[in-house]
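Please open the model in your viewer and keep the sequence panel beside it. The stops below are meant to be selected one after another.

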Amino acid sequence: EGNSNMGNSSFSTITVQDAESRFTERELSTLENGFSRLCSSSSASGSDWVDEDTFQYFLLSEFPCMPSVLAKRLFLTWDVDNNSKLAFSEFLCGLCIITRGNAEERLEFLFRFYDLGEQGVI
């Protein structure tokens, strides 16, 4: 069983409710506050989303040894609606899969992460 659509460019993410259930209230509050600070640093200050440049800047400042191409791929993988903006729901679900996901969820994430042409193949 499992997800047989890994070769498809569609991606079934976990729901926001599922992601929220895997964090404590304190963790959710911390994540929401941190995301709000990122939003205020974004090119569209005052928005409720984070642009790619702000996301990469933050990630690379926290993890200076990370190659910028990995930061870009992380953003593109988490931006499930492909609008070049990272909403809190996308951020939360992506972070949840990486930190709290089961083996299948992490495998699907890694497949999408390395499917550079989004063609359903690695």
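This is a predicted model: local features need pLDDT of at least 70, side-chain atom pairs count only at pLDDT 80 or more; totals for chains, interfaces and linings use all residues.

Residues are numbered from 1 along each chain as its sequence is written, and side-chain values use heavy atoms, with hydrogens and water left out.

Begin with a cartoon of the chain, whose elements run α-α-β-α-α-β-α-α from the N terminus (helices are DSSP runs of H or I with at least four residues, strands runs of E with at least two).

Next, select Phe55, Trp78 and Phe91, which have the most contacts inside the largest nonpolar core, a set of 25 residues (buried Ala, Val, Leu, Ile, Met, Phe, Trp, Tyr and Cys joined through side-chain atoms within 4.5 Å; buried means under 20% relative accessible area, exposed over 50%, partly exposed in between, with a 1.4 Å probe and protein chains only). Colouring α5 then picks out the element that supplies the largest share of this core, seven residues.

For the salt bridges (a side-chain nitrogen of Lys or Arg within 4 Å of a carboxyl oxygen of Asp or Glu), select arginine 100 and glutamate 27, whose side chains meet at 3.0 Å, N to O. Arginine 100 lies in helix α5 and glutamate 27 in helix α2, so this pair ties together parts 73 residues apart in sequence.

Move on to lysine 72 and glutamate 52, a salt bridge at 2.8 Å, N to O, in which lysine 72 is partly exposed, whereas glutamate 52 is buried, with a relative accessible area of 17%. Finish with Asp18, Arg22 and Glu105, which salt bridges with shared partners join into one network.
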